[in-house]
Amino acid sequence: MNHDTFLTTLRRTKLRLLKMHKQANAGHIGGNLSALDAVLLLHVETMGPSDYFVLSKGHSAGALYASLWATGKLSEEQLLTYTRDGSFLAAHPSGGWHPGIPFSTGSLGHGISLASGVALGWKLLRKPGHVYCLMSDGELQEGSCWEAFTFAKQHGLDNLTVLVDHNGLQGFGRVEEVAAPMLPLSQKFVAFGWEVTTVDGHSYADLHAALVTPAGEGGRTRAIILKTVKGHGVSFMEDKMEWHYLPMNDEQYEQAVREVGGAS
Amino acid sequence: MRNALCDTLISLYKQNRFLFMTGDLGFMALEPLRAIMGGDFVNAGVAEQNMVSAAAGVAHTGLQTWVYSIAPFAYARPFEQIRNDVCLHDLDVKIVGNGGGYAYGYMGATHHAIEDYGVMAALQNMICHIPAFAGDVLPIARRMQQTPGPAYLRLGRHEMPVEAVLPDYAPWRELLSGESGNIVVVGPVVGQVYQAVQSVMAKKGGSFGLWVLTELPVPEIPQGLRESIVQHPEKPLIIVEEHVAHGGVGMAICHLLAKLGASPRNFRHLHAAGYLKGSGYGTQQFHRKQSGIDAESVELLLGGLV
């Protein structure tokens, strides 16, 4: 996939994501827009049939569903059920019914341990495959994450790549206001023995370069910190904490669609 | 029972591969298992939350995984990980908690597990096993291995007198039959109750039906016991468990009996009292005494019923 093709797919997927959230009157759109570029690229370009994606930041479920839709792994009919009664597409993933949604996540700090377990299981069973796990920057304040990073490094889980959606905003403040000692994130990973790359999470070239690099080997564990913008691509949402929560009204939705490049 | 578990898991591993994870515990107990299992024995470190979630991830790949720690560190610290990652996904993870009830005694309240199986049994897909005797460990562990899905195993100490005749393992077992009342006991504390019954019978006569239960959710009450309770509601029914009342077997049996329309008129529930203010801490027997579930306290109660 080249740059232009990806951008076309990204625009189409972003519009579908906005529509999905508008129809459901759902929140969390800000963190979905910060994560979408990476989640989509993983699904359309990076991952092979043996690979897994674990969404540790479960509140970006919309980005996962839209990416699965973009790759034909979720149907339009399934997507229309998002957050409705009887749907399997809750606002946080409910796992086990679809190969692209292996785990129920949403309580932060779980996905990375689950992903580490899958990576360890595949190694023990000599199965191929690579596990990609997307986390949020605020999520890293959960102590269990650091249990998992220690565990993954200790057991040489080089078939695991962690991506951190570092949009700098969390539930009730900025990361530097709530947990400044966590910053810079890269140093923390380095201190735990991980190899770290920091990239622009909205740049196809950066993401492609980081993800196309062969997965770790020889016990090297790898983290990619994605410098992102919450609400990316929609001017009134960008870098605004309230878009962690708010649903869009009609006017906001129409403006968002226009800015992303669709017809309102 | 910890040594029995080690021998059992060595035997089971030779038949079917699984992964064993410990939260940095097992000194002078699990070394033989580690030697046999090699890379399938993982010390996950002092990090129980990650251990349980990682176990769920491994189980997701198709490899059954056992996790082990002191009981409260196995079920309470990683509760959300058990709930979300193991039980919601119905994954084949076996949680082993050593030292059920007050077994860790003077090590302190942080090391006790007196609300474990009530909490675990509340979780979807979870089956709890509370072996009463060392000989239960093998059949229970074999059953856990052969039954996919989450399970919790509460280990304690074998406390039965050597002369006691123990029937083969079953979730419900009748140890003694009798007419003066029925007693249902959960786990190793049955050793205390057995002594009490024998002493009362020797001193005062009478006889009690003594049943031991080792599984939750509580399986259907055996016919003989059920009929005795339903047909003779005047007979005492006594439940004894080293677990708090809430979520315990006493409440579960009341629920089952209510559904049957049975209403025993002389119902006693002897259970862990927790920690009495100002009373301090001590051995397992100290806390049992405070709770009225030691042999002497049970004997006093039974003596008044004969």
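**Salt bridges and their surroundings**

A: B:Arg157 is partly exposed, because its relative accessibility is 44%. Keep in mind that this is a predicted model. The partner of B:Arg157 is B:Glu159, and their closest N and O atoms are 3.8 Å apart, which makes a salt bridge. B:Glu159 has a relative accessible area of 12%, so it counts as buried.

Now take another pair in chain B. B:Asp92 and B:Lys94 form a salt bridge, with the closest N and O atoms 2.8 Å apart. B:Asp92 is buried, because its relative accessible area is 18% and the cut-off for buried is under 20%. B:Lys94 is buried as well, at 1% relative accessibility.

The side chains of A:Arg16 and A:Glu76 meet in a salt bridge at 2.9 Å, N to O. This pair joins distant parts of the chain: A:Arg16 sits in helix 1 and A:Glu76 in helix 4 of chain A, 60 residues apart. A:Arg16 is at 5% relative accessibility, so it is buried. A:Glu76, at 27%, is partly exposed. Over all chains, the count is 19 salt bridges.

Helix 1 of chain A covers residues 3-24, and at 1.5 Å a residue its 22 residues should span 32 Å; the end C-alpha atoms are 31 Å apart, so the two values agree. A:Asn2 caps the N-terminal end of helix 1 of chain A, with a side-chain oxygen 3.1 Å from the backbone nitrogen of A:Asp4. After helix 1 of chain A comes A:Asn25, with a positive phi near 55°.

Which side chains does this helix hide? The buried residues of helix 1 of chain A include A:Phe6, A:Leu10, A:Thr13, A:Arg16, A:Leu17 and A:Met20. An α-helix has 3.6 residues a turn, so residues three or four places apart point the same way. The buried residues of helix 1 of chain A pack against helix 2, helix 3, helix 4, helix 9 and helix 10 of chain A.

Among the buried residues of helix 1 of chain B are B:Leu5, B:Leu9, B:Leu12 and B:Tyr13. The partners they pack against in chain B include strand 1, helix 2 and strand 3.

On the side of chain B that touches chain A, helix 3 gives the most, with nine residues. By class, that side has eleven nonpolar, eleven polar and five charged residues. In total, 27 residues of chain B are in contact with 22 residues of chain A. The two chains bury about 1900 Å² between them, 60% of it on carbon and sulfur atoms. B:Asn50, B:His60 and B:Thr61 supply 29% of the area that chain B buries against chain A, more than any other three residues.

How values were computed:
Residues are numbered from 1 along each chain as its sequence is written. Chains are lettered from A and ligands numbered from 1 in the order in which they are written. This is a predicted model: local features need pLDDT of at least 70, side-chain atom pairs count only at pLDDT 80 or more; totals for chains, interfaces and linings use all residues. Side-chain values use heavy atoms; hydrogens and water are left out. Contact means heavy atoms within 4.5 Å. Buried area is the accessible area (1.4 Å probe) that two parts lose on being put together, summed over both. Helices (H or I, at least four residues) and strands (E, at least two) are DSSP runs, numbered from the N terminus. Ala, Val, Leu, Ile, Met, Phe, Trp, Tyr, Cys and Pro count as nonpolar, Asp, Glu, Lys and Arg as charged, and the others, Gly among them, as polar. The expected span of a helix is 1.5 Å times one less than its number of residues. Buried means under 20% relative accessible area, exposed over 50%, partly exposed in between (1.4 Å probe, protein chains only). A polar contact is a pair of N or O atoms within 3.5 Å; within protein, one must be able to donate a hydrogen and the other to accept it, and residues adjacent in sequence count only if both atoms are side-chain atoms. A salt bridge is a side-chain nitrogen of Lys or Arg within 4 Å of a carboxyl oxygen of Asp or Glu.
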